[in-house]
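My entries follow in the order in which I made them.

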Amino acid sequence: MDTRIKIIADNKIPFLQNILEPYAEVEYLPGADTGASQVKTADALITRTRTKCTENILQESKVKIITTATIGFDHIDTQYCAQNKIEWTNAPGCNSGSVKQYIASVLAILATKKQMPLANKTLGIIGVGNVGSKVKTVAEALGMRVLLNDPPRAEKEGKQDFTDLDILLSQSDIITFHVPLQRSGKYKTFHLGNDELFAKCKKEVIIINSSRGEVINNADLLDALKDNRINEAILDVWENEPDIDPELLKNVLIATPHIAGYSVDGKANGTAMSVQAISRFFNLPLKEWYPENLPEPENPLIEVNASNKSLQEILAGCILHTYNIMEDDGRLRENPSSFEQQRGSYPIRREFGAYQIKLNNGSDFIKKSLNKIGFNDVQVIYKDL
């Protein structure tokens, strides 16, 4: 009789198969189809956001620990877990580099396709955790003024580095949301983006949401776009996913199917954090495990001739070489009903650190700007005199 621990794992979590099998019985299931009958005999769950870990599926089970390979954990009823001595872990910061790359690609598209000079534009960041902090470094490398709003951090650390929300709204040309979903309480973020918030923004503001769909009231956003109360919106997350509002889809500038954090690097980090958490809990010999041999990007070398190019052109070109967000936008618009399928079969995307840049006729200043964005391997080739 097999007395090993039993684990139910989401079958879309990458790099996981055959890792825990020497030490556990592992069953892989679609996240949305994981219910009480499947979970009943499990000792542990490794999940993503599509599995709702609530009393409904947990009450008849013997689950002792839930790990989610995601930053967000609003799909886990943490109160029920605490009351029933079920441990849970998430993967904070696992895909922060991926979301940074996503926002960088948005900014690069605004710079190139919309001809927006980013230098001296103001970016308002609402939520300054792992992701928001990295977005700040990208924006500063692009010459942007950055305003930060994070009430929990301001309360804990002091207000000197943070901006009141109303001031941020009135001064920002672009506003990007990086908050967790909190449906109630002092720091409620559910429908934080609503008619009242949009009314306080600049008329030409661009709104970006890559946090959680419910952070923005999608009906209010659509009305504000149609009434020209805000200029443009970029959405990676939507209310009622995967059944997104087709009219809102038509009205946003860039639309993607909840893939901002879907770089290979981010997925590897999330899987590793889940495996390590399971290993610590059950004392398995995988406490420092990390996936090996991540796939290389298709074109890992970026060659740039910096002659007669502005800093914005150089940085935007390098960013878009690694990830052009418009490819994801095109796939979603072509077939919005395949929202979940596009997430499940998302193409390989590596973060900035997987690329090497040869910067011909460049400068140390350009190199430092590329380093700040996240390109670690930058070779400057100075012009022969």
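**Helix α4 against α5**

I looked up α4 and helix α5 (residues 130-141) and found them packed at an angle of about 40°, with axes 9 Å apart. Axes here are lines fitted to C-alpha atoms, for helices over the stretch in contact, and angles run from 0 to 180 degrees between N-to-C directions. Helices (H or I, at least four residues) and strands (E, at least two) are DSSP runs, numbered from the N terminus.

I note that this is a predicted model, in which local features need pLDDT of at least 70 and side-chain atom pairs count only at pLDDT 80 or more, while totals for chains, interfaces and linings use all residues. Residues are numbered from 1 along each chain as its sequence is written, and side-chain values use heavy atoms, with hydrogens and water left out.

I list α4 and α5 as oblique to each other. Angles under 35 degrees count as roughly parallel, over 145 as roughly antiparallel, 65 to 115 as roughly perpendicular and the rest as oblique. The crossing of α4 and α5 is right-handed. A crossing is left-handed if the near helix is turned anticlockwise from the far one by less than a right angle, and right-handed if clockwise.

On the α4 side I found Ser96, Gly97, Val99, Lys100, Ile103, Ala104 and Leu107, which meet Asn130, Val131, Lys134, Val135, Thr137 and Val138 of α5. Contact means heavy atoms within 4.5 Å. The contact of α4 with α5 has seven nonpolar, four polar and two charged residues. Ala, Val, Leu, Ile, Met, Phe, Trp, Tyr, Cys and Pro count as nonpolar, Asp, Glu, Lys and Arg as charged, and the others, Gly among them, as polar.

**Helix α12 and its two partners**

I then took α4 with α12, where the packing angle is about 130° and the axes are 9 Å apart. That makes α4 oblique to α12. The crossing of α4 and α12 is left-handed. Gln101, Ala104, Ser105, Ala108, Ile109, Ala111 and Thr112 in α4 touch Gln312, Ala316, Ile319, Leu320 and Thr322 in α12.

Next I looked up helix α12 (residues 311-322) with helix α15 (residues 364-373), which pack at about 40° with their axes 11 Å apart. That makes α12 oblique to α15. The crossing of α12 and α15 is right-handed. From α12, Leu311, Ile314, Leu315, Cys318 and Ile319 meet Phe365, Ile366, Ser369, Leu370 and Ile373 from α15. I count the residues of the contact of α12 with α15 as nine nonpolar, one polar and no charged.

**An aromatic pair**

I searched the whole structure and found five aromatic pairs. Rings of Phe, Tyr and Trp (its six-membered ring) pair if their centres lie within 6.5 Å; planes under 30 degrees apart count as stacked, over 60 as edge-to-face and the rest as tilted. I noted Phe352 and Phe375 as a tilted pair, 4.7 Å centre to centre with 45° between the planes. Phe352 sits in the loop between α14 (339-344) and β13 (356-360) and Phe375 in the loop between α15 and β14 (377-381), 23 residues apart. Both Phe352 and Phe375 are buried. Buried means under 20% relative accessible area, exposed over 50% and partly exposed in between (1.4 Å probe, protein chains only).

**Backbone entries**

I found a cis peptide bond between Glu241 and Pro242, with omega about 0°. Pro242 lies in the loop between β10 (232-235) and α10 (246-251).

Asn120 is not a glycine, yet has a positive phi of about 75°. I place Asn120 in the loop between α4 (96-112) and β6 (122-126). Asn120 counts as exposed, at 69% relative accessibility.

His258 also has a positive phi, near 60°, and is in the loop between β11 (254-255) and α11 (264-282). At 13% relative accessibility, His258 counts as buried.

I looked up Gly193 in the loop between β8 (174-177) and α8 (195-199). Gly193 is buried, with a relative accessible area of 0%. Leaving aside neighbours within four places in sequence, Gly193 contacts Phe177, Phe198, Val215, Ile216 and Asn217.

Glu232 lies in strand β10 and counts as buried at 14% relative accessibility. I read 4.7 Å between the C-alpha atoms of Glu232 and Ile206, 26 residues apart along the chain.
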